[in-house]
Amino acid sequence: MTQGRSIRLFLVDGTPNGLLTAEIMNWTGHVLTGPRSKLAELVQRPECARTGVYFLVGPDPDDSLRTRVYIGESDDVAQRLKTHNRPEDAGGKDFWERVCLVTSKDQNLTKAHVKYLESKLIGIAASAGRCVLSNGTAHEYAGLPESDRADMAFFLEQIRTVLPVLGFEFLRELSKPSAPVTGDNLPTIERSPLFRREVPKEGGYALAQEIDGEFFVLKDSRARSKWGGAPGGYEALFKQLVADGVLVPDPSGLLRFVDDYAFKSPSAAAAVVAGRSSNGRTAWLVDGTGQTYAAWQDQQLSTLQPALEDA
């Protein structure tokens, strides 16, 4: 079993939509985040006068279904954020709606440390593929001694742990079904059985698997060749996957998934495969059994019932 972690969250102004700080026990890091509308308050915080790395996050102007992220570093984050708040034509950035700043409580992060962290974080975000990066290509920064690189590896691990808790998913690694299962990651990754979804009237089918709470449609699954349902719903997602090359034409006349793809829900996956709105809880069937996704979930709960009653 993976050991649990405690994260301490503090609502600075007592509201869920204001400034928020986060800390992990036995970690010297400190996280401060808030909406752009609270920037005047955020830059007055003492953390913003420290050396640190920061993230600007918002919808991608070219595709509102995707998240755009800029990763930066500075000795004086407050001044850098004021610059980013300018209009685009004045050297600022228009897209971002939230900011997240990571500094050190003991103030031991140096300029060299944060330049190293920035380069690693850009590489991680690019590899994860969960966002559109405004940084471009990451440049490897090797100006740290070996002992400092080891310390920053631990610091990076904590950043990747705490940011998803705050709603920032862009550093999370995708645990794809096609990835090899080793002795190191087997205990921490929960895998469902395979689910199957037929493609109506066209003879194709798709396979899917739920891993760590994400619903993946597997590589080489087939989807309907075009959106045939009512406008709206998941139509925009369907067209985005075609435009992004996730779905490509297949000789069968269907569209083929070129890689495992993570959907936010079984219904989103079912709709894209069928080319129309679909209830994923009933459309996906456990492969080889005919049991629906909903019935499979209920079965997982029913096996827990005796233990709950004993407790």
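Predicted model: local features only at pLDDT ≥ 70, side-chain atom pairs only at ≥ 80, totals over all residues.
Two strands count as paired here if DSSP finds at least two bridges between them. Strands themselves are DSSP runs of E with at least two residues, helices are runs of H or I with at least four, and both are numbered from the N terminus. Residues are numbered from 1 along each chain as its sequence is written, and side-chain values use heavy atoms, with hydrogens and water left out.

I'll start with strand β4, residues 52–60. Which strands does β4 pair with? One is β5, residues 63–74, in the antiparallel sense, over nine bridges. Two residues sit between β4 and β5, and the two strands form a hairpin. At G52, the bridge partner in β5 is S74. β4 is also joined to β6, residues 98–104, by five bridges, again antiparallel. There, F55 stands opposite C100 of β6.

How many of the nine residues of β4 are buried? Eight are, where buried means under 20% relative accessible area, exposed means over 50%, and partly exposed lies in between, with a 1.4 Å probe and protein chains only.

Now the charged pairs. A salt bridge here is a side-chain nitrogen of Lys or Arg within 4 Å of a carboxyl oxygen of Asp or Glu. By that rule the model has 18 salt bridges.

E73 is buried, at 8% relative accessible area, whereas K111 is partly exposed at 31%.

The next is within a helix. E235 and K239 form a salt bridge at 3.1 Å, N to O. Both are in helix α5, residues 235–243, and because they are four residues apart, about one helical turn separates them. E235 is buried at 17% relative accessibility; K239, at 49%, is partly exposed.

R256 is partly exposed, with 23% relative accessible area, and D250 is buried at 13%.

Which residues are linked in a network of salt bridges? They are R130, E169, R172 and E214.
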